[in-house]
Amino acid sequence: MADNDEISRCVVGGYQFEDEKDYEDAVNEKKAIKYLEGHVNLNDTAKVLQLYNTLLAKNMFRTPIGLEYMRRLRTALQKSSAAKEDLPYVRVPSSSPQSDGKASGAGAARERDKAAAAKIKELEVRCRKNKDGRRNSVIVNIILIILIIAMFVIAANSSAPNIVNYERVLTDKYSSWKEELMQKEEELRQRERELEQRESEAMR
């Protein structure tokens with residue numbers, strides 16, 4: 001019940017947010033902090049210092065939830081052997097636009113969200129194009145295979161000799177020549193028999 005009540009009242013970590021976007025940012029920062037606490041050992045000064053400087057450089061936190069976590073990191077570093085004079089302060093983002101027209105911390109966060117959404121959309125489009133390209137490639141390959149098979153079938157059934165049917169065509173021609181020769185030999189024998197018969201009749 002308490003969690004539901006906090007959600008309905010936009011409460012995170014004891015802070016109540018009037019702006020819905022600020023509330024959402026605070027929720028996300030709380031999740032990020034929970035992840036970092038599970039993966040960073042606060043006793044490892046070098047890693048904590050590296051994490052602190054990285055979070056500062058990227059302006060990762062802008063709500064009281066994240067800023068409080070940054071203060072805790074700084075306090076832990078101050079108690080360690082880290083040089084206190086070289087330790088940068090936690091920067092509180094401005095709630096109003098800056099004089100040079102650049103976006104404030106909240107605006108920068110929104111711009112990062114928009115850029116991330118655009119990148120995801122671009123990747124989705126690229127994946128869709130790759131899928132279409134692979135599908136078109138498969139279709140083209142199938143068509144080429146069908147054309148090659150058709151060419152072989154046509155070549156095999158063609159009467160003109162080619163690399164596919166040359167043996168059959170030559171065999172057919174040889175058989176045809178053989179039949180013609182046999183037919184001519186038979187005609188010659190028939191004529192010889194007729195001549196012999198005529199000569200025998202004349203001698204009588």
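Glutamate 185 is partly exposed, with a relative accessible area of 41%; partly exposed covers the range between buried (under 20% relative accessible area) and exposed (over 50%), using a 1.4 Å probe and protein chains only. This is a predicted model, in which local features need pLDDT of at least 70 and side-chain atom pairs count only at pLDDT 80 or more, while totals for chains, interfaces and linings use all residues. Residues are numbered from 1 along each chain as its sequence is written, and side-chain values use heavy atoms, with hydrogens and water left out.

Let's stay with glutamate 185 and its partner. Arginine 189 forms a salt bridge with glutamate 185, the term meaning a side-chain nitrogen of Lys or Arg within 4 Å of a carboxyl oxygen of Asp or Glu. The two residues are four apart in helix H6 (residues 166-203), so about one helical turn separates them. Helices here are DSSP runs (H or I, at least four residues), as strands are (E, at least two), numbered from the N terminus. Arginine 189 is itself partly exposed, with a relative accessible area of 41%.

Arginine 189 also forms a salt bridge with glutamate 186. That pair lies in helix H6 too, three residues apart, about one turn of the helix. Glutamate 186 counts as partly exposed at 40% relative accessibility.

Elsewhere, salt bridges that share partners join Lys21, Asp22, Asp25 and Arg62 into one network. Within helix H2, lysine 21 pairs with aspartate 25 in a salt bridge; being four residues apart, they are separated by about one helical turn. Both of these residues are buried.

| Salt bridge | Closest N and O atoms |
|---|---|
| Lysine 21 and aspartate 25 | 2.7 Å |
| Arginine 189 and glutamate 185 | 3.7 Å |
| Arginine 189 and glutamate 186 | 3.8 Å |

Now for how helix H2 packs. The axes of H2 (residues 20-39) and H4 (residues 64-79) come within 8 Å and cross at roughly 30°. Axes are lines fitted to C-alpha atoms, for helices over the stretch in contact, and angles run from 0 to 180 degrees between N-to-C directions. H2 is therefore roughly parallel to H4, a label for angles under 35 degrees.

On the H2 side, Ala26, Glu29, Lys30, Ile33, Leu36 and Glu37 meet Ile65, Gly66, Tyr69 and Arg72 of H4, where contact means heavy atoms within 4.5 Å. By class, this contact has five nonpolar, one polar and four charged residues. Ala, Val, Leu, Ile, Met, Phe, Trp, Tyr, Cys and Pro count as nonpolar, Asp, Glu, Lys and Arg as charged, and the others, Gly among them, as polar.

Definitions and conventions
Parallel < 35°, antiparallel > 145°, perpendicular 65-115°, else oblique.
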